[in-house]
Amino acid sequence: MSDEKKVIFSGIQPSGELTIGNYFGALKNWVKLQDEYDCYYCVVDLHAITVRQEPKDLRRRTLELLATYIAAGIDPEKNTMFIQSHVSAHAEAQWILNCFTYVGELSRMTQFKDKSKKYEGNDVGVGAGLLNYPVLMAADILLYQADLVPVGKDQTQHLEITRNIAERFNTLYSPTFKIPEGYIPEKGAKIMSLQEPTKKMSKSSDNPNSFILIMDPPDVIRKKISRAITDSIGVVKYSDEQPGVKNLMNILSITTGMAVEEIEKKYDGQGYAQFKKDVAEALVNELEPIQTKVKELVNDKTYLEEILKKGEQKASYVANKTLSKMMKKVGFIPKFK
Ligand code: TYM
């Protein structure tokens, strides 16, 4: 019975094209977990507007992201997929949780500090949405009483603050929220930039050679991998001293299932050329079927809209149950029927 299954909640922002970081850090694991858990996979458009978005691009990317979830293997029959802004409980719960969150703890978040740096010396200043971003993420997770949240390593701090807010609320009132755990994959948790392998691969980088998009054509993938920064050591070894090689080994290991020791053995004494070629082919093999499916699905708007309608109904029902509890506990008078 699906009622007895533990609950998963996760989401991706439709704020840019997805990279293989998003894929290996999050999406690929969602697919693995879908049979065992009752899963809510959300397109977090409210989060996306914390930085300026072109409305028509946001609309297009929102549907493309849903198509990517499905193309990657998330089964719409088994999982609840929906758009965050369709379930108003997220914004409402966020307001309440804001009142149980300290500005100090929000301004200490690494992601907030990094993102707000970009606004230094800029007349516009840092939007309050960027500061409050983790509270919305907490609302997302807590509304569904999620047990597990599969994300990449960069979200660890946001999960920690989610747990803190939930515990604070539970202690002040009475148990209201389940305290969620993170699910951070061993190998894909932090896919690094291909040009600066000590930094996270990010879609917002100015250098397109530093990232691979899920939708990059095979030849582009081959070119980007061949240009990936390695080192002058010339040995395929899984070592922190060779961050570029380590990152490519991680990618090869996730895509082929080979252990890193096997990879070391296979390329022993061969330098990097064949190794890089194989990484590129493994990626092409993994991504090409997804790309074909995404292109097919984005043309079937009726199908996508059906999934979103069903998703919104189920998600609203579950989220509003928790929201009502929250409202009652803080002292709001329920609506008169
Ligand atoms: P977002 O949209 O930035 O990224 C989506 C997911 O991709 C992971 N990720 C990576 N993993 C490994 N290596 C990388 N280089 C890499 N880059 C990104 C992220 O860790 C994430 O899992 N705040 C979230 C979205 C969100 C959310 C939620 C997630 C909103 N509400 C509730 C879980 C639960 C974010 O900005 O992800």
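How do the residues of the shell around the ligand divide into nonpolar, polar and charged?

1. The shell around the ligand divides into 12 nonpolar, 10 polar and 4 charged residues. Here Ala, Val, Leu, Ile, Met, Phe, Trp, Tyr, Cys and Pro count as nonpolar, Asp, Glu, Lys and Arg as charged, and the others, Gly among them, as polar.

2. A word on the basis: this is a predicted model, where local features need pLDDT of at least 70, side-chain atom pairs count only at pLDDT 80 or more, and totals for chains, interfaces and linings use all residues. Residues are numbered from 1 along each chain as its sequence is written, and side-chain values use heavy atoms, with hydrogens and water left out.

3. Of the 26 residues around the ligand (a heavy atom within 4 Å), Gln13, Tyr133, Asp140, Asp154 and Ile191 come nearest. Ligand oxygen atoms lie 2.4 Å from a side-chain N or O atom of tyrosine 133, 2.4 Å from one of aspartate 154, and 2.8 Å from a polar backbone atom of glycine 152. The protein covers 96% of the 710 Å² of accessible area that the ligand has on its own (Shrake-Rupley method, 1.4 Å probe).

4. Do look at helix α10, residues 243-256 (helices are DSSP runs of H or I, at least four residues, numbered from the N terminus). In α10, 11 of the 14 residues are buried (under 20% relative accessible area, 1.4 Å probe, protein chains only). Those buried residues pack against α1, α9, α11 and α12 (heavy atoms within 4.5 Å).

Notes:
Helix = DSSP H or I, 4+ residues; strand = E, 2+ residues; numbered from the N terminus. Expected span 1.5 Å × (residues − 1). Buried < 20%, exposed > 50% of the residue type's maximum accessible area, 1.4 Å probe, protein only. Polar contact = N/O pair within 3.5 Å; in protein donor to acceptor, adjacent residues only side chain to side chain.
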